[in-house]
Amino acid sequence: MTTLLLSLPVALPLLAALLAVAASRQAAGLAMATGFLVLGLSVWLAFEVAAAGPITIALGGWEAPLGIVLRADGLGAGFLVVSAMVMAVVLVAAQPSFEDQGQESRAGFAFWPLALLLFAGLNTAFLSRDLFNLFVALELLTLSAIALVAIEGKAGSVTAALRYMVFALLGSVLFLLGAALAYAAHATLDIGLLAQVELGWPMAAALALMTMGLAIKTALFPFHAWLPPAHAGAPAPASAMLSALVPKASFVILLRLWFDLAPELASPLLLAVLGGLGAVAVIHGSLLAIGQDRLKLIIAYSTVAQLGYLFLVFPLAGGAGGAQPWSAGAWTAASFHAFAHMLAKAAMFLAAGLFLRAVGHDRLEGLRGLARAMPIACFAFGLSAISLMGLPLSGGFTAKYLLLTSAFASGQWGWGLVLVAGGLLAAIYLFRPLNLMFSKEGAAASLTPVPRWEQVLPLLLALAAVLLGLFSAGPFAFLQIGRPGAAAEGLLP
Amino acid sequence: MNLVIGPLLPFVALAWPLLLGLGAAWPAWRERALWVLPAAPLPALLLAIAWPEGSTTAPALLLGTVLVLNAPGRLLLGMVAVIWLAAGIFALGYFRAPRKPAVFAGFWCLTLSGNLGVMLAADVATFYVAFAAVSFAAYWLVVHDGSARALMAGRVYLVLALLGEALLLVGLLLGVAAADSLSIAAVAASLSEAPLALTCLILGFGLKAGMVPLHMWLPLAHPAAPTPASAALSGAIVKAGIIGLIRFLPEDAGLWTTGLILLGLVGAYGGVVAGLLQRNAKAVLAYSTVSQMGLVLAVLGAGLTTEAALYAAHHGFAKAALFLGVGVLAATGRRALPWVLALAALPALSIAGAPLLGGALVKAAIKPGFAGWLEWAVALSATGTALLLARALWLAVRGRADAADARPAPLLWAPWAGLILVALALPWFLLASFSTLTPGYVLGLASLWDATWPLLLAALLAAPFLRLRPRVPALPEGDLVVPLGAAASAAMHTLRRLPEPTGPHLALPGATRGKAVLAALEAALLPWRRGGLLAAALVLALAWSLAG
Amino acid sequence: MTAVLPVLILATSLVPALLIFWLPERAWRARAWLNLGGAAVKILLVVFLMVEVANGVTHEARLDLAPGLYLLLRVDALTLLFVSLSAFLWLMTTIYAIAYLGDGPNLSRFFGFFSLCVAATTGLALAGTLITFFIFFELLTLTTWPLVVHKEDAKSVKAGRLYLAYSLPGSAALLVAIIWLESATGPVIFAEPGDLRVLSDASLMAIFALFALGVGVKAALFPLHGWLPEAMAAPAPVSALLHAVAVVKAGAFGIVRLIYDVFGIALTAELGVGLPLALLAAFTILWGSLRALQQTEVKKRLAFSTVSQVSYIILGAALAGPYAVIGGLVHLVHQGLMKITLFFCAGLYDERAGITRIDQLDGIGRRMPMTSICFTIGAMGMIGIPPVAGFVSKFYLGLGGLQAGEPWVVGVLAASALLNAGYFLPMLYRIWFGVAPADAPQADERSLGMLVPAVATAAASLAAGLFAGAAISPLAWASLIAAGYLP
């Protein structure tokens with residue numbers, strides 16, 4: 001039973017992708033059904049994990065290092081559930097955009113299989129414990145993501161997709177080199193096995209390579225420049241997947257590499273580089289977001305900034321003083337932040353897509369007066385903005401609170417100030433669109449109507465982001481299942 | 001918890017006017033609202049005449065209200081009630097077609113209630129509330145006729161009343177803090193150690209009582225009000241300041257002993273000089289009040305508290321009678337003039353201390369407080385008073401009715417005559433209990449002479465004026481108010497026109513330049529070769545640090 | 001049982017809010033019933049809880065967010081002082097708002113956020129830990145913003161921007177202060193003060209300053225007050241909410257919590273941070289009054305008056321003597337009653353006579369007598385003329401200043417009273433004695449829904465002063481609270 005539970009989230013989307021190519025007329029329905037099925041399965045899996053602790057299976061009975069091993073711990077299952085939630089809603093929301101275009105268009109035909117492939121890659125990345133499998137998952141993910149960027153075939157988005165591809169390849173090469181080096185030194189690629197052996201300098205070099213490869217794929221500053229044009233150029237549902245889900249896969253792998261595999265190898269320079277680049281990303285991305293005049297670009301730059309926060313976990317992990325009643329605050333906070341960002345960013349891109357459809361363009365000026373015309377979508381936008389700014393009550397706040405406490409408790413004030421400044425800058429760039437929505441002067445006279453049920457979809461995701469903050473005790477405890485020791489103790493002794 | 005501990009009548013005496021005042025606003029009664037005026041002070045009168053001494057408490061009211069009935073308060077309470085009663089009856093005859101009778105009646109009652117309250121209050125909060133009520137509600141009485149002159153007078157009145165309230169608040173706060181008690185007696189006892197509190201209180205009360213140089217509002221406001229209200233203002237309301245001083249002055253007032261005497265005498269003479277230069281009978285009477293209150297302040301400075309209360313009470317009756325007299329004279333034609341004028345002169349003579357009248361008794365009562373040149377100064381002030389009041393009557397006669405056979409209505413002359421009677425007679429009954437003297441003393445030859453010579457002197461001084469009729473320069477009502485008012489309004493104007501700080505704005509300096517720099521940086525990071533080089537460099541650095 | 005009540009009292013405004021959002025625009029009646037029903041139930045609960053607290057029963061509810069991070073709702077006397085005020089004023093403002101907004105646009109959004117705003121205020125008052133306080137403090141910021149921009153015109157949107165531009169950095173400072181503190185001491189629970197001495201004096205001072213900065217924005221403490229006068233662009237019920245029920249009050253309440261429940265009087269005195277705060281508050285009192293004097297618009301003048309008046313509360317809290325505490329706390333209630341009366345009246349003038357500038361007030365007293373009487377009572381209270389409630393607060397504050405050995409406080413109070421008179425009396429003069437120009441627009445006060453709340457709050461401000469000595473007056477309640485904090 002557990003074998004099926006772990007393997008189906010990977011297998012089902014793959015299977016559905018094949019079927020969607022074959023039976024393209026039913027592709028939309030198939031994709032939606034898969035989305036909900038996987039969501040159901042992953043929730044089930046989460047309950048199993050909560051009840052019985054981490055679950056490990058070897059496909060076909062072949063144990064590592066020979067076979068493929070999947071493992072669901074709190075972190076993996078958590079990401080699986082949240083990404084399935086986002087995916088399910090996004091697939092429903094995508095239906096009107098790609099259904100109407102008919103079967104003849106390339107977009108209408110290709111979107112569903114690509115989305116499903118992306119889904120499969122994502123789930124593999126969350127569950128897999130093998131460096132090679134992870135590489136395959138990342139490739140699957142990246143390639144379908146690039147295709148999704150270019151799916152409408154507009155000149156701008158094709159350029160953006162190509163640039164995305166170049167950076168993605170660079171990341172892949174680095175990761176692959178690292179994996180090869182690891183295999184050459186230790187004759188295994190399983191994270192669990194590698195964690196048990198004595199690691200030497202070849203592994204240090206391998207980790208350096210893989211870390212940079214993953215950082216590039218996660219669009220860490222200064223390797224982020226490809227992201228905003230790519231995410232802003234894609235159709236809104238695709239943007240939602242790209243921005244909310246794709247970078248999280250590489251980040252989860254990065255977490256596993258350092259906290260599960262080789263915490264003892266970490267050096268102060270590593271922490272400084274990852275944390276420092278994350279901090280610069282927060283500030284740089286936010287400042288650029290403030291300067292944008294297109295809504296989707298603002299949201300995309302916001303992703304650059306928000307991903308930067310995630311990297312603060314490296315210097316901050318373990319930074320809890322004796323006064324705190326919890327441990328592993330920063331490590332848990334990183335996951336919380338990722339969850340909140342997944343939900344809120346997807347909601348925001350979906351809402352932006354609706355605005356774009358109603359107004360016909362995504363220049364900020366077009367947002368004038370929308371609070372009156374599309375109240376639900378605006379409300380969803382507002383709620384997700386609250387989570388992105390890290391204001392209470394929201395998942396973003398819980399994450400920020402835990403990170404800040406870690407920063408202060410360990411005396412690393414600088415990171416704390418970055419967090420605070422990032423929140424304020426986010427307020428500036430997110431309230432610009434909100435302010436316009438509430439300005440009735442100069443509002444467009446006629447809008448393409450958007451049905452109510454479509455507006456409710458982003459609201460659902462935004463509400464989930466808020467509820468994550470209100471009921472964060474459960475997820476918090478869940479994430480501790482199978483938590484590596486370094487998560488509580490920090491990366492440096 | 002009991003709502004009221006002790007007899008209820010003191011509270012009834014205060015609440016009754018308020019109830020009547022509210023009732024006057026009732027639409028059906030509005031037109032005949034003035035009829036409540038005579039009824040309003042009746043319970044207070046009963047209280048003052050026939051109630052035993054004692055105190056009453058209402059813990060829930062304000063900060064715990066305590067009312068007390070005792071000697072100086074009772075006398076002034078009775079005076080207030082009688083004056084307001086007479087003025088209320090007079091008002092019925094005075095207003096033919098009253099303007100906004102309900103509003104007038106309402107504020108009349110509120111002022112009255114406050115005026116009674118200051119005489120009864122034994123705790124600081126109640127006193128302050130009552131004082132504020134009498135101060136601010138009286139504003140509506142001043143501006144009742146709505147003329148530009150009345151509004152102007154009202155404005156000055158209000159500004160100074162506010163200043164007085166602020167001074168009082170500061171003084172009371174300091175006093176309460178020094179005594180750590182809300183009881184007036186306790187505060188008074190501790191004031192000799194709190195000179196700042198004492199100063200604030202004396203200035204605050206002095207302002208109400210027309211102490212120089214804070215008297216400016218008085219000659220403006222009293223003439224501007226309708227005659228019955230002028231009577232109440234000059235007769236009763238100024239006594240709120242006097243009772244304040246009586247209640248709060250400590251045994252040892254330090255420098256203020258001298259200060260009060262000096263300021264009082266300056267007022268006593270200054271009021272005469274400024275009053276003689278007036279052209280309006282009511283303004284002259286108002287200056288006479290300034291002058292008389294100056295004497296009372298001097299008496300208080302000399303430490304004769306009960307005598308001061310007696311003097312003030314007599315002045316209240318007589319001055320109210322004089323104001324009403326102006327109204328009566330205005331309703332009298334040439335034919336009835338001699339009789340009316342003869343009666344009107346009685347309170348004037350009484351205030352000037354003419355022998356055998358009530359005023360002579362109270363003047364005799366305050367005499368022991370002064371010695372040396374002060375004694376002479378006080379005695380001589382009666383000459384000034386006589387001249388001043390003669391001038392007032394002279395001006396009032398000039399304002400008599402045009403019709404030769406006009407006669408004042410009973411509603412006008414009856415309360416007036418009543419007041420005159422009280423003013424002349426009451427001191428005979430009270431002298432023994434309010435001073436060390438007995439009525440027999442004033443019948444002595446020496447004291448008869450003391451009372452007579454200032455009047456003779458006044459007649460001597462007046463004679464050349466009556467013959468020669470020189471042109472006297474006129475002084476604007478309120479004297480100092482003219483320059484001070486101009487200065488104050490200029491200051492206020494400047495304050496309002498001070499440059500406003502610019503409102504908050506959100507534009508960031510250098511935003512456009514920063515935007516360009518960031519965009520350039522972003523463009524520089526776009527080519528993959530740069531990214532690749534950066535990545536390679538970082539990989540090398542990391543590998544080196546991780547391995548080492 | 002004990003956990004139910006705090007949640008219930010929060011729910012009385014939260015549940016209507018969540019329901020109202022989904023009501024169609026035309027459901028006037030349903031909206032009114034939901035709002036008024038919630039407000040009425042809340043008042044009943046408050047009364048019940050007052051009896052409970054007076055009997056010493058503790059009510060507490062707790063929701064865990066993360067291990068050690070939890071929402072704690074706890075009812076104490078200080079809570080009830082604020083909750084009872086906001087509950088009563090919420091009822092009044094709701095009645096007023098229903099009449100004021102009539103059948104304008106976006107009513108469900110308005111009343112939804114309105115109730116949400118009150119829910120946030122209630123939560124803030126009930127907060128039993130520092131982080132709970134912060135969470136509701138932020139919620140308050142967020143739920144007020146849509147109300148400020150409700151009219152959706154350029155002025156409102158600008159006001160909204162300004163509001164956030166001040167508030168969000170303020171709350172960032174607050175968050176830093178809280179986390180700095182809690183990272184050393186663990187969660188701060190108001191009822192069980194921990195030992196703050198693990199931090200150095202300098203750190204504690206910095207935390208105090210950051211905290212004061214954070215809540216000072218809401219309390220419109222100089223120089224953080226700039227947003228408040230601009231926010232008068234919002235509809236009158238929102239101004240009432242900002243100035244009397246919720247926002248500004250939340251800031252002042254935060255200062256009270258900071259001094260009495262986080263730092264404690266002893267530590268505040270030891271660090272010497274009370275006096276600078278008191279001086280700043282005193283300066284704000286004078287500055288606000290001076291600026292009010294310069295205004296020509298009714299609502300703007302009232303707004304600057306709030307800047308000045310709210311600092312009385314802070315002054316009282318910062319002086320920290322027994323009388324000063326009472327004065328500050330009681331002013332929390334008194335200022336609310338008086339200022340809401342004034343804003344109700346300003347709204348009536350605006351709505352029924354089209355008056356927004358002070359020079360238009362000429363002679364309005366005759367045409368709108370009830371409104372003008374209420375306005376006069378409110379203004380008298382602000383000046384401190386007895387027996388309107390304002391004088392009670394000033395009296396206690398003055399005594400408190402003397403008791404704390406800071407006699408300059410009395411001077412500040414006197415100066416402020418004169419300045420208040422300086423800007424209120426000319427308005428009253430115009431209202432009652434000015435002559436209306438011949439072309440003055442039509443004016444009447446035939447709007448019972450707007451008039452009744454104004455009369456009720458005016459009567460309440462009068463009663464609060466007149467019966468200050470009564471056992472259930474705000475003064476008595478404030479004395480009860482103060483007795484709990486003082487050694």
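Modeller: Let's start with strands and helices: DSSP runs, where a helix is H or I with at least four residues and a strand is E with at least two, numbered from the N terminus. Two strands pair if DSSP finds at least two bridges between them.

Biologist: Before we look, what should I know about the model?

Modeller: This is a predicted model, where local features need pLDDT of at least 70, side-chain atom pairs count only at pLDDT 80 or more, and totals for chains, interfaces and linings use all residues. Residues are numbered from 1 along each chain as its sequence is written, while chains are lettered from A and ligands numbered from 1 in the order in which they are written.

Biologist: Which strands of chain B form a hairpin?

Modeller: Strand 1 and strand 2 of chain B do, with six residues between them. In the turn, B:Leu62 has a positive phi of about 50°. Strand 1 covers residues 54-58 and strand 2 covers residues 65-69, and they pair in the antiparallel sense over five bridges. Look for B:Thr57, which stands opposite B:Val66 in strand 2 of chain B.

Biologist: And what are the ipTM and pTM of the model?

Modeller: The model scores ipTM 0.89 and pTM 0.90. There's also pLDDT, the predictor's confidence in each residue, from 0 to 100. For chain C the mean pLDDT is 89, with 100% of its residues at 70 or more.

Biologist: How many residues of helix 5 of chain C are buried?

Modeller: A residue is buried if 20 or more other C-beta atoms, placed from the backbone, lie within 10 Å of its own, exposed if 12 or fewer, and partly exposed in between. In helix 5 of chain C, 19 of its 19 residues are buried. That helix runs over residues 130-148.

Biologist: How many residues of chain A are in contact with chain C?

Modeller: Contact means that the C-beta atoms of two residues, placed from the backbone, lie within 7 Å. By that rule, 31 residues of chain A are in contact with 34 residues of chain C. Helix 18 of chain A gives the largest share of chain A's side, seven residues.

Biologist: What about chain A as a whole?

Modeller: Its secondary structure comes to 22 helices and two strands. Of the 493 residues of chain A, 66% count as buried. The C-alpha atoms of chain A fill a box of roughly 70 × 55 × 40 Å, taken along the principal axes.

Technical notes. The expected span of a helix is 1.5 Å times one less than its number of residues.
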